[in-house]
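Hi everyone, thanks for making time this morning. Please have a look at the structure on the screen, and I'll walk you through a few parts of it.

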Amino acid sequence: MSASLPESKNHSGELQHQTKCKICDDLQRVGQTLSLTLSQVSEAATGGCQTCSILKESCTYARDVLHELDAEQDAQVSLQIPVVDDGFPMIVGISDIDGGYSFNEVYTVSGCAKAPWLLIGEGSERTITTEKNIQVLRGWIDTCLTSHPACARQQKKLPTRVLDVSSHNPSLRASHGDKEPYAALSHCWGKSPLIQTHRDTLRDRFDAIPWKNLSKTFQDAVTTTRELGLRYLWIDSLCIVQDDPEDWARESGKMASIYEGAQVVLAASDAKDGHDGFLRPRSGSALPKSIFQGIKSNGNPYSIRIRKGDYHKWYGDALPPRSQISPDSSPLSTRGWAFQERLLATRYVQFRSEELIWECRSALWCECGALTRPSQQREPLSKKAFYDTLGSATHPEIFSLWSKIVNAYAIKALTNGGDVLPALSGLAKQFQKSNAGTYLAGLWEADFPLCLLWEAHAVKASPYRAPSWSWASMDTSIPGSSLLTESTFESKTSYPTTVLATVESVSCTSDSSDPTGRISSGYLIITGKILDIIATEPVDNHEDTSMQGWFDWDARLARQPRPYGSKWIPRRGVESFTFRFHADTPLSNPRELTCLLIGEIPTSQAPRALVLRRLCLGGGQVVYERVGLIDRVIFGSSVRSYNWMYLFEYAPTDTITIV
């Protein structure tokens, strides 16, 4: 379609249409969301409205090109145009009665003549070829290096070992503390065999690594490093001796400095393993399409294009209509190690199947420009927000951020479950730099005892990973698992908690040189009100078939509190009153257990307590392990402790040890 738009100039020199369409109002309804139907815009387009012609072409694109709308339902197709972000592409949400939905952007190409409609702003376009990808990345790196003071870092030493990519066949090099720029790779190991460095191959790796032995992902990382003008590349599987426990513990403990020190971290986001690679031509299934050409009054031609919108919903957002916060489904985003690699990196670029995504301590960019929209700056765990919060150095903000991090991290997958703490150790070190204090198996001593009130729907990890009072003792890798942490300053209850327990002592023993890594043992000595209970039966006798057991249990007091027959406990005995607790992991025959009161929510007289199981060790020593929780609210559970504080009214106070 090509036409010359009738225009006139008002007294301010701005372009103004001679007559306004009653249907679309020529997109002049500033501050309002336009709601139209396809039948309305089709009729107006037939009558000569060029604005409605553009909107009609948007529907045609969604139906014929993207196949997202039912061709039989033209009369019942609706359009939603939110008026947001001046100067950016116009968002057009199109839906039909069968649930079909298409989110599109209408725009003019950046740097070309602008359209006379104020709502139709400029849009940058995604690159198609590998060469253009690298060119875009070079530009981003240069901008960051020259214009972002927050990202400026003193040149750091190379990691212990790096790949020298200056020759056709890369080779390992011992750095000896040299200071040189380098790139690092973040990738999925996957299930396919992956080239690694072991003690018996270490010497050969220093000679050369044949190009043909490298996976496609590793080859792409080497190629990208060279194209960026860098000589050195760090890849975990090759630069750490994988079968040397001491080398692995030492080098994995340096993750924070390795990713922070890299000039750029290359993330193979959509590669499920080494075979996929990340340098490949982009898909042409949803390329932009020109839907209108016109000539402005000054004689300059302009072209209006449409493309499938991508608002990168894994970052969470507030638009377009019907949008929801959604997790990133890329293979790399599901991996535990990659979670901290992204946050630790000073500069991190995701190679996605459709475009590049850039994240540094100062900016969040994408090729299509969606992430630079003012309405899109909302990511609570973005790199910028992460370091801004750490820079504040106040415990409330720091511990709240840690709670969010653990909640996001807990659903990630680990090839080796024993890495649950090592894969978070780099982030823990960053928090220690911000005066978070003593780190204990995924928790912070200054956040005790309320941080003990995490809730889980999982299985107990085996072999041992952490003390039972730590969330890290749970294995959340099984489908259907969940974990929600608690913090003194980030509570799920929304009501203040009065702390009623006192931590006497807490300690963990590391089994490596990294105190934030793997844990071999730990204990917590705590004083509080103790209540013995008996688990009677699972609630509704409902078994969780995926984990073989029950989570919610009915329970009663194990013995009558004193004084007998208080106003709370009927004289006919404790058997007449039951309550409930939530087990962290399926319990088959729990029987007698112990509750430790941690705190109370006074507004609802709701106790917040740990459910423990007594263990008898050698020499008659009695300790406890955590098995569950009683709380005001537990997500996915029927347990609600409203008005249950009377249970602890006459409970004795004792000092116990939890392991």
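Let's start with the open sheet, which has eight strands in the order E9-E8-E11-E10-E12-E15-E16-E17, with mixed pairing. Strands here are DSSP runs of E with at least two residues, helices are runs of H or I with at least four, and both are numbered from the N terminus. Two strands pair if DSSP finds at least two bridges between them. At the edges stand E9 (171-174) and E17 (364-366), each with a single partner strand, so one side of each has no neighbour in the sheet. From one strand to the next, the twist averages 30°.

Before going on, a word on the source: this is a predicted model, where local features need pLDDT of at least 70, side-chain atom pairs count only at pLDDT 80 or more, and totals for chains, interfaces and linings use all residues. Residues are numbered from 1 along each chain as its sequence is written, and side-chain values use heavy atoms, leaving out hydrogens and water.

Back to the sheet. E12 (residues 264-267) and E15 (residues 347-351) run parallel and are joined by three bridges. In this pair, Val265 stands opposite Tyr348 of E15. Helix H3 (residues 130-147) packs on the sheet, touching E12, E15, E16 (356-360) and E17; contact means heavy atoms within 4.5 Å. The direction of H3 makes about 15° with that of E16. Such angles run from 0 to 180 degrees between N-to-C directions, with axes fitted to C-alpha atoms, for helices over the stretch in contact.

Now to a pair of helices. The axes of H9 (residues 336-344) and H12 (residues 425-433) come within 8 Å and cross at roughly 40°. On the H9 side, the contact is made by Phe339, Gln340, Leu343 and Leu344, and on the H12 side by Ser425, Gly426, Leu427 and Gln430.

Thr485 is found in the loop between E23 (482-484) and E24 (498-499). Not counting residues up to four places away in sequence, Thr485 touches Ser403, Val406, Asn407, Trp454 and Trp471.

Finally, confidence. The chain has a mean pLDDT of 85, and 87% of its residues reach 70 or more; pLDDT is the predictor's confidence in each residue, from 0 to 100. Over residues 1-17, the pLDDT is below 50. Where pLDDT is low, the predicted coordinates should not be read in detail.
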